[in-house]
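Hi everyone, thanks for making time.

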Amino acid sequence: MQEIDTTTLHRLCQQDRPFALFIYTPMCGTCKLAERMLHVTSEALSRQLPLYQLNINTAPALAERLQITSVPALFLFCGEQVTGRHYALHSVGYLYDVLKTLA
């Protein structure tokens with residue numbers, strides 16, 4: 001999972017391809033658990049998954065624009081359109097089902 005900033009996010013949205021964005025804060029224990037589950041999920045999918053992560057503390061305007069209500073969060077994008085919002089990242093199996101559409 002590659003760490004990105006808002007400039008890179010904007011560029012990804014311009015490419016009009018599906019990708020997932022994991023939104024977190026560094027001091028959040030639940031975020032760290034979700035990040036580990038996402039790593040396991042990406043390994044299980046065994047392909048280069050278009051999965052990125054962004055520290056929301058560095059992007060307050062993005063938090064407001066996307067109306068992010070809590071972290072951890074997993075947003076699915078197709079171009080600039082948000083096609084999915086997931087705040088409860090239940091398990092590796094759940095994340096696998098959510099992300100397999102992008103692989």
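I'll start with the sheet, then go to the helices, the aromatic rings, and finally the charges and cysteines.

Some housekeeping first. What we have is a predicted model, so local features need pLDDT of at least 70 and side-chain atom pairs count only at pLDDT 80 or more, while totals for chains, interfaces and linings use all residues. Residues are numbered from 1 along each chain as its sequence is written, and side-chain values use heavy atoms, with hydrogens and water left out.

Okay, the sheet. When I say helix or strand, I mean DSSP runs numbered from the N terminus: helices are H or I with at least four residues, strands are E with at least two. In what order do the five strands sit in the sheet? The order is E1-E3-E2-E4-E5, the sheet is open, and the pairing is mixed. E1 and E5 are at the edges with a single partner strand each, so one side of each has no neighbour in the sheet.

A word on pairing: two strands pair if DSSP finds at least two bridges between them. In general, strands of a sheet pair through backbone hydrogen bonds, either parallel or antiparallel. Here, strand E1, residues 2-3, runs parallel to E3 and is joined to it by two bridges. Glu3 has Gln53 as its bridge partner in E3. On to E2 and E3: they pair in the parallel sense over five bridges, and Ala20 has Leu51 as its bridge partner in E3. E4 and E5, on the other hand, pair in the antiparallel sense, over five bridges. There, Cys78 stands opposite Gln81 in E5.

Buried means under 20% relative accessible area, exposed means over 50%, and partly exposed is in between, using a 1.4 Å probe and protein chains only. In a regular strand the side chains alternate between the two faces of the sheet. You can follow that along E3: Leu51, Gln53 and Asn55 point one way, Tyr52 and Leu54 the other way, and all are buried.

Now the helices. Which residues of H4 are buried? They are Leu95, Val98 and Leu99. These residues cover an arc of only 85° around the axis, so they are on the same side of H4; the arc is that of the directions from the helix axis to the C-beta atoms. The buried residues of H4 pack against E2, helix H2 (29-45), E3, E4 and E5.

For a view from H2, take Thr41, which lies in that helix. Thr41 is buried, with a relative accessible area of 0%. Contact means heavy atoms within 4.5 Å. Leaving aside neighbours within four places in sequence, Thr41 is in contact with Val92, Leu95, Tyr96 and Leu99.

Next, the rings. Rings of Phe, Tyr and Trp (its six-membered ring) pair if their centres lie within 6.5 Å; planes under 30 degrees apart count as stacked, over 60 as edge-to-face and the rest as tilted. That rule gives four aromatic pairs. Take Phe19 and Phe77: their ring centres are 4.9 Å apart and their planes are at 5°, so this pair is stacked. The pair links distant parts of the chain, with Phe19 in strand E2 (residues 18-24) and Phe77 in strand E4 (residues 73-78), 58 residues apart. Phe19 and Phe77 are both buried.

Then the charges. A salt bridge here is a side-chain nitrogen of Lys or Arg within 4 Å of a carboxyl oxygen of Asp or Glu. The whole structure has one salt bridge. Lys100 forms a salt bridge with Asp97, and the closest N and O atoms are 3.7 Å apart. Lys100 is partly exposed at 44% relative accessibility, and Asp97 is partly exposed at 45%.

Last, the cysteines. How many disulfides does a search of the whole structure find? Zero, where a disulfide is a pair of cysteine sulfur atoms within 2.5 Å. Cys78 is in no disulfide, and the nearest cysteine sulfur, that of Cys13, is 9.9 Å away. Cys78 is partly exposed at 34% relative accessibility, whereas Cys31 is buried at 1%.
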